[in-house]
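Please look over the sequence and the model before reading the points below.

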Amino acid sequence: MDQPYDVYQDRCPTRMVLDRLADKWAVLILDRLRDGPVRFNHLRREIRGISQKVLSQTLKKLERDGLISRQVFPTVPVTVEYALTGLGRTLTDTVAALAHWAEANMDAVLAAQKAYDAIAR
C-alpha cells in the first residue's frame, strides 16, 4: 500500500508536523499533558524557562494540529485547561521516550561533546 505522504519530499506537509514535534517546548508540553488536563499557569510554572508568549503560541499550534484541546472555564479570572486529544495520546510513548532519553543519556552526550571539542581545536 502506497502512502500518500513522503517525509523526504521537500513539499510534503508532514515536514510541518515533524517541525512542530521536534520543538523542545512542544515535546515538554505534550509530555506534561500525558497524565491528564493541566491549566495554563501550571504548565508555565512546570516548564521552567518558557515564556508566557512562547507557551501560548506553542499551545495554539498544537491545538491547531489536533494534538491538544483547550477548555475555558467561566471563572474570575478565566481558567484555561489543556488536555491531549485522542490523536495527541498516540504520541505519548514517543514523546516521553524522547524527552526522558535526553535525561538518561545526557552524561554520554556531554562526554561526546567534550571529546569532539578536544579534537576539533
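A residue is called buried when its relative accessible area is under 20%, and exposed when that area is over 50%. By this definition, 29% of the 121 residues of the protein chain count as buried. The model is predicted.

**Overall layout**

- The protein chain has 6 helices and 3 strands, and along the sequence they follow the pattern α-α-β-α-α-β-β-α-α.
- The radius of gyration of the protein chain is 18 Å, whereas a compact globule of 121 residues would have one near 14 Å.
- The C-alpha trace spans about 60 × 45 × 25 Å along its principal axes.
- Among contacts with a separation of 6 or more, 44% join residues 24 or more positions apart.

**The strands**

- β2 (68-73) and β3 (79-84) pair in the antiparallel sense over 6 bridges, and a hairpin of 5 residues joins them.
- In this pairing, Gln71 stands opposite Glu81 of β3.
- β1 (residues 38-39) also pairs with β3 in the antiparallel sense, over 2 bridges; here Val38 has Tyr82 as its bridge partner.
- β3 is mostly covered, with 6 of its 6 residues buried.
- Both faces of β3 are covered: one side carries Thr79, Glu81 and Ala83, and the other carries Val80, Tyr82 and Leu84.

**The largest nonpolar core**

- This core holds 22 residues, of which Ile29, Leu30, Leu33, Leu43, Leu59, Ile68 and Tyr82 touch the most other members.
- Two or more residues come from each of α2 (24-32), α3 (40-46), α4 (52-64), β3 and α6 (92-120).
- The element that gives the most to the core is α2, with 5 residues.
- Leaving aside residues up to four places away in sequence, Leu33 touches Val38, Leu43, Ile68, Tyr82, Ala83 and Leu84.

**Helix α2**

- The buried residues of α2 are Trp25, Ala26, Val27, Ile29, Leu30 and Asp31.
- These buried residues pack against α1 (14-21), α4, β2, β3 and α6.
- At the N-terminal end, α2 is capped by Asp23, which has a side-chain oxygen 3.1 Å from the backbone nitrogen of Trp25.

How values were computed:
Residues numbered from 1 in each chain as written. Predicted model: local features only at pLDDT ≥ 70, side-chain atom pairs only at ≥ 80, totals over all residues. Heavy atoms only, no water. Core = buried A, V, L, I, M, F, W, Y, C linked by side-chain atoms within 4.5 Å. Buried < 20%, exposed > 50% of the residue type's maximum accessible area, 1.4 Å probe, protein only. Helix = DSSP H or I, 4+ residues; strand = E, 2+ residues; numbered from the N terminus. Contact = heavy atoms within 4.5 Å. Polar contact = N/O pair within 3.5 Å; in protein donor to acceptor, adjacent residues only side chain to side chain. Rg over C-alpha atoms; globule rule 2.2 N^0.38 Å. Pairing = 2+ DSSP bridges.
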